[in-house]
Amino acid sequence: MMRVAYWPGCVSRGFTPELHGSMAKVAPLLDIELVELDRACCTGAGVIAEHNQELADTLNARTFALAQQVEGAEMMMNICSTCQGAQSECQERLDASAEYRAHVNETIAGEGLAYEKGLANKNFLWLLVEEIGLEELRSRVKRPLTNLKVGPFYGCYIVRPRNRLGIDAEHPRDHYLHDVIEALGGSVIEYAGVRKCCGFPIITMNKEASLKQAGRHLGDAVDAEADCLVTPCPLCHLNLDLQQPLAERAVGRQLQMPVLHLPQLVGLALGLEPKELGLTRHVVRPAAVIDWSTSVVGAAAA
Amino acid sequence: MADTHRPPEEFTLRMLRYDPESGEAPYWDEHTITLEPHRSVLEGILQARARFDGSIGIRCSCRAAICGSCGVRINGEPGLACHTHLDHARDSATDGVIEIEPMGNMPVIKDLIVDMDAVHWKKVQRVTPWLIAKQPVPEREYLASHESMVDITQTMACIQCGACVSDCLAMEVDPGFIGPAALAKAYRFVGDPRDAEHDARLRDLAHDPQGIYDCTHCFKCVEACPKDVNPMGQIMRLRRIAGSDFKIVDKNNGERHEAAFTTLVRDHGLLWEAELLPRSYGGNSRWGKFSPRAGKELISSLPAILKALARGKVTAMGALKPHKIPKRDLESVRSIYDRIEGREERYELNLYVTGHDEEEPTAAAGAGSAGSAPTTTSTEGSPG
């Protein structure tokens, strides 16, 4: 059993509750014990850092310190690419300078908290590959995703910048989604949008450009004959699934591309039912669109 | 430096060839060249041109990563051909063949040469890329703090190669976006205390629908830049200065979105999406959602909202009620806000200036490191 300090983020408890729910269902099947950081606040998603860098760094240092207080926890885990990116950015500054860290710690000292350099903070995707391992994951698969053609959609915050996110030849984290899909028995579909931006960050500023981004990537996946996409980022999910009807209008074509959260895809292969993973709650319902008849998952999803 | 003594090896280059004047479609062309592995991709291209095909089009000059002429895409990633080793390029190729394409987001003139005038230079011109001196002009030199000048050296390091423009994902769907290189150049003057027009520059870039708030925050330019200019980081600083120091409330909802986000996290500890969207359009208060701008947006988003409600993805109660953290923790979060927002000057660590302190071995200390003291961004000279 692996114990982690678990940061679910805001959106997984707001507009994509099926993400938080499916993670809770999948964790025991992988022997992960989730200790939820229910006292921590929003990472700021890059927006608070845009407003005031020290504020974002301090709010996240508080979260890191709370995670370091969780007894027996091996690391902190998140289920949101954007949280990962926003936290990694703050952590980079905090870890780079002892003087700055001391300055930030002074602000949270009143609560009896202090961040110590070097917290391991991993997205569920990284944890799957680096801590559980692809072999172990493969051995736990009950219903291989045979013949399911899955397009990976990483989300910007979890693949760039490479240095900050620890992506190198030994840790090809920008390829893990491909590896996980294969370990679960599915087929990886390559298409232009794999590591591009879903457009969500500018949805309130330039809606047309934002929806065009989402629509273009979904369209590329349709053209590459993907059955569905999978993403470790709930914000990408909002633009790719919730906004898909509007994205269809923006690019002038029908898309009907289901988008799964990473824990949902893992859960399906580990034998959970689509309904308990919240798949029926998506705007584009995977069960209604995917030709499950050729897939082993078919019987369960019908 | 054992690498430099490695014997020449064969490398295969696959180049995308295209001559718009020929009327033919673009095609792939392969040549195998022989060079030491530490030599550059540019040297490989030049050898292919000299030995096999004199018509290969490539623009280059200094061959030392300073003139910015030879920007291309190597194995799909933007960079300088003269700044990429052949062996590294082969390692990152999918099939052992080094794939070279012209940069993206700009029209191709021939083969690997793109039209920088049509896109990149026009955008740079757009941001008034020269200093507008404060009046009266002093008799002797202007006095500027050392700190502020070191701060803008990061944007001055730009060599105008266009690598960031090539891969800008906002520009891909919105070609009119001013873009990373030009906006980094804009910061070079907004961050310069000798410039007289900070306010006008920021107002212009904030209100332009294709200005600072059109950046999708995708980090592509950060990754593409061979000189560590961090264009996206500079755009975020322009937003910060425009919103916080100059109080510019732009018509693109940029400042409102940022203010609403920051306030909602202060009030609830967590984000409340159902409230964030209307406030971003209508204004940063609980009344924001009743503004005509928010109403118009609500109507255009109605199909998505109704679908989400029908699916049980979002419940009406869930949307109307924020999720919160415990009261005691919320008080801690608010005290962090009060303390930091109450500072007279923003306290901002710039790793480009300070470097990573503990990674340097002690032997290297004093070798040009600027130390670890965080820089403060002065808000001096701002209105209000």
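Guide: Helices (H or I, at least four residues) and strands (E, at least two) are DSSP runs, numbered from the N terminus. By that rule chain B has 16 helices and nine strands. The model is predicted: local features need pLDDT of at least 70 and side-chain atom pairs count only at pLDDT 80 or more, whereas totals for chains, interfaces and linings use all residues, and side-chain values use heavy atoms, with hydrogens and water left out. Residues are numbered from 1 along each chain as its sequence is written, while chains are lettered from A and ligands numbered from 1 in the order in which they are written.

Of its 384 residues, 50% are buried; buried means under 20% relative accessible area, exposed over 50%, and partly exposed in between (1.4 Å probe, protein chains only). Contact is taken as heavy atoms within 4.5 Å. Among contacts in chain B between residues at least 6 apart in sequence, 65% join residues at least 24 apart.

At the interface, 71 residues of chain B are in contact with 75 residues of chain A. The size of an interface is often given as the accessible area lost when the parts come together. Here the two chains bury about 6600 Å² between them, 58% of it on carbon and sulfur atoms, where buried area is the accessible area (1.4 Å probe) that two parts lose on being put together, summed over both. On the side of chain B, the residues that lose the most area to chain A are B:Val173, B:Arg311 and B:Lys313, together 12% of what that side buries.

The polar side of the interface comes next. The rule finds 26 residue pairs in polar contact across it, both residues at pLDDT 80 or more; a polar contact is a pair of N or O atoms within 3.5 Å, and within protein one must be able to donate a hydrogen and the other to accept it, with residues adjacent in sequence counted only if both atoms are side-chain atoms. Elements that give two or more residues to the side of chain B that touches chain A include α6 (169–173), α10 (231–245), α13 (292–310) and β8 (346–348) of chain B. The largest share of that side, nine residues, comes from α15(B). Its residues divide into 32 nonpolar, 17 polar and 22 charged, with Ala, Val, Leu, Ile, Met, Phe, Trp, Tyr, Cys and Pro counted as nonpolar, Asp, Glu, Lys and Arg as charged, and the others, Gly among them, as polar.

Side chains of opposite charge can pair when their charged atoms come close. The term salt bridge denotes a side-chain nitrogen of Lys or Arg within 4 Å of a carboxyl oxygen of Asp or Glu. The structure holds 54 salt bridges over all chains, and eight are found across the interface of chain B and chain A. One of them pairs A:Glu54 with B:Arg343, the closest N and O atoms being 2.7 Å apart. In another, A:Arg39 meets B:Asp329, with the closest N and O atoms 2.6 Å apart. A:Arg39 lies in the loop between β2 (32–36) and α2 (47–51) of chain A and B:Asp329 in helix α15 of chain B, so this pair joins two chains. The two partners are placed as follows: A:Arg39 is partly exposed at 25% relative accessibility, whereas B:Asp329 is buried with a relative accessible area of 2%.

B:Arg6 pairs with B:Asp87, the closest N and O atoms being 3.4 Å apart. B:Arg6 lies in the segment before β1 (9–17) and B:Asp87 in helix α2 (residues 86–91) of chain B, so the bridge ties together parts that are 81 residues apart in sequence. B:Arg6 is partly exposed at 29%, and B:Asp87 is buried at 7%. Salt bridges that share partners also join B:Asp151, B:Arg237, B:Arg240, B:Asp245, B:Arg346 and B:Glu348 into one network.

Finally, the confidence of the partner chain. Chain A averages a pLDDT of 94, and 95% of the residues score at least 70; pLDDT is the predictor's confidence in each residue, from 0 to 100. Over residues 296–302 of chain A the pLDDT is below 50, and this stretch has 15 contacts in the model beyond near neighbours in sequence. Where pLDDT is low, the predicted coordinates should not be read in detail.
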